[in-house]
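User: Hi, I'm new to this one and would like a walk through it. Could you show it to me and start with a helix?

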Amino acid sequence: MLLLEGRVQHYEWGGFAFIPALLGRKGKARKPHAEYWLGSHPNAPAIARGESGRVPLIEIAPDLPYLLKVLDAREMLSIQAHPSQALARRGFAAENAAGIPISAPTRNYKDANHKPEVHVALTPFWMLNGFRPWPQIVNILEGVPEFRPLRSARTLKALVRRILTLPEPARMLRPLLARLRSESAPSRKDPAFWVLRAAQIFPDAAQDRGLFFLYLLNLVVLQPGEGTYQPAGVLHAYLEGSTVELMANSDNVLRAGLTSKHVDTGELLRAISYAAEAPPILKGESAGRGIRVYRTPSTEFELTRIHLSPSAARRRVALGPVILLLTEGEARIGGIPLHRGQAVFARDEAYSIEAGPSKVEIFEASVPAP
Ligand SMILES: [Zn+2]
């Protein structure tokens with residue numbers, strides 16, 4: 001059992017309070033704190049602290065197949081899909097062969113891996129996840145007068161292709177923004193709320209195809225303890241709130257909009273899944289008192305939430321590499337005293353969790369049993 005120090009990512013869209021408070025840092029942060037990474041990804045490898053000093057986790061666990069994050073979105077993130085394993089392998093090799101540097105802004109594939117994700121909300125969490133059922137999309141196209149030219153699309157695939165290849169999206173989006181600004185303020189449950197917020201964040205919002213997707217994708221609010229899974233191809237965006245996220249160890253993102261970064265329409269059309277249904281909300285399956293497992297088809301990771309009453313104790317066994325992050329209370333894990341925001345790494349060992357004087361919440365990242 002080793003104490004683990006993660007790394008903060010200061011992306012623009014991050015909040016100023018949630019992650020600093022989680023990590024016990026006093027005062028208001030000056031830079032946005034978007035993500036806290038606990039993993040061995042070379043962009044921000046965690047540091048393990050043992051008897052022999054500080055060692056990058058990547059040296060202890062070079063085979064770690066997942067990356068655990070805390071994410072705090074003050075502003076919305078881009079609308080994105082992650083590639084399948086086959087697409088990532090092919091795309092990475094093709095971009096290498098074409099001599100595109102890994103750091104080039106036009107580069108789609110940073111590695112050859114897919115990047116399915118599961119996450120569980122820590123606060124009420126607003127997001128987009130997958131296409132709405134087609135009848136809902138038809139209703140929306142009829143209810144938004146500026147989208148009239150899109151109504152001739154007969155299938156979701158045709159509609160998406162149409163949107164992504166529109167020569168001048170501003171011809172629809174500029175009048176849409178003008179109308180929404182003249183109307184009374186919409187609620188968060190209305191896509192118009194997020195369209196207006198996007199227009200505050202992105203100066204070129206009237207050119208941004210992401211605004212269409214704010215209407216076409218399921219708008220979801222998760223309560224703490226609820227989550228979603230994003231398999232390859234499912235368009236999604238995190239809009240607002242804090243969450244614990246676990247994903248395959250990859251950085252491969254294909255963006256569709258709400259971004260100043262590179263959008264590769266051709267590659268995106270190859271990657272998108274056109275399944276259209278209400279998003280499955282994960283509530284976790286009970287695996288013992290206070291323990292919920294958020295099962296997914298992924299073979300790389302499994303996310304478990306553990307709740308303990310004050311002064312309660314549990315025995316657990318780490319099979320393979322396990323990261324435990326304390327998100328509430330104080331506890332001794334494997335004898336190491338931890339406060340909120342601290343984490344440990346364990347591998348193939350039995351250990352105890354002993355709760356302190358208040359209730360405890362822990363998120364555990366592990367590799368699912370085969
Ligand atoms: Zn994603």
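Analyst: Let us begin with helix α6, in which M172, L173, L176, L177 and L180 are buried. These residues cover an arc of only 125° around the axis, which puts them on the same side of α6. Please keep in mind throughout that this is a predicted model.

User: Which residues are exposed on the other side of α6?

Analyst: On that other side, R171, A178, R181 and S182 are exposed. As for the helix itself, α6 runs over residues 170-182, and its 13 residues reach 18 Å from the first C-alpha to the last, close to the 18 Å expected at 1.5 Å a residue.

User: Why would residues three or four places apart point the same way?

Analyst: An α-helix has 3.6 residues a turn, so residues with that spacing point the same way.

User: And what covers the buried residues of α6?

Analyst: The cover includes α7 and α8, the latter being residues 210-216. A residue worth looking at here is V195, which is found in helix α7 (residues 191-201).

User: Is V195 buried or exposed, and what is it in contact with?

Analyst: V195 counts as buried because it has 23 C-beta neighbours inside 10 Å, where 20 or more are needed. Leaving aside neighbours within four places in sequence, V195 is in contact with L180, L211 and L214. L180 is also one of the buried residues of α6.

User: How far is V195 from E183?

Analyst: V195 and E183 are 12 residues apart in sequence, and from C-alpha to C-alpha they are 13 Å apart in space.

User: Let's switch to α3. Which residues are buried there?

Analyst: In α3 the buried residues are L87, A88, G91 and F92. They lie on the same side of α3, because the arc that they cover around the axis is only 120°. The face turned away from this buried side carries the exposed residues A86, A93 and A97, while what covers the buried residues includes α9 (265-271).

User: What comes just after α3?

Analyst: Just after α3 you will find G99, which takes a positive phi of about 75°.

User: Which strands join β15?

Analyst: Strand β14 (residues 285-286) is joined to β15 by two bridges, and the two run antiparallel. β15 is also joined to strand β16 (residues 302-308) by four bridges, again in an antiparallel arrangement.

User: How many residues sit between β14 and β15?

Analyst: There are four residues between them in what is a hairpin, and G288 in the turn has a positive phi of about 110°. Another hairpin is formed by β4 and β5, with two residues between the strands. Strand β4 (residues 47-50) and strand β5 (residues 53-56) pair in the antiparallel sense over four bridges, and A48 has V55 of β5 as its bridge partner.

User: Where is the largest nonpolar core, then? What gives the most to it?

Analyst: The largest nonpolar core has 101 residues, and those with the most contacts inside it are L4 and I323. Strand β12 (residues 236-248) gives the most to this core, with seven residues. If neighbours within four places in sequence are left aside, L4 is in contact with L38, A46, A48, L57, I323, A343, V344 and F345.

User: Last one: what is the overall picture of the protein?

Analyst: The protein has nine helices and 21 strands, and its C-alpha atoms fill a box of roughly 65 × 50 × 40 Å along the principal axes. Its radius of gyration of 21 Å agrees with the value near 21 Å for a compact globule with 370 residues. Of these 370 residues, 43% count as buried. Among contacts between residues at least 6 apart in sequence, 75% join residues at least 24 apart.

How values were computed. Residues are numbered from 1 along each chain as its sequence is written. This is a predicted model: local features need pLDDT of at least 70, side-chain atom pairs count only at pLDDT 80 or more; totals for chains, interfaces and linings use all residues. A nonpolar core is a set of buried Ala, Val, Leu, Ile, Met, Phe, Trp, Tyr and Cys residues joined through C-beta atoms within 7 Å. A residue is buried if 20 or more other C-beta atoms lie within 10 Å of its own, exposed if 12 or fewer, and partly exposed in between; C-beta atoms are placed from the backbone. Two residues are in contact if their C-beta atoms, placed from the backbone, lie within 7 Å. The expected span of a helix is 1.5 Å times one less than its number of residues. The arc is that of the directions from the helix axis to the C-beta atoms. Two strands pair if DSSP finds at least two bridges between them. The radius of gyration is taken over C-alpha atoms; the globule rule is 2.2 Å times the number of residues to the power 0.38.
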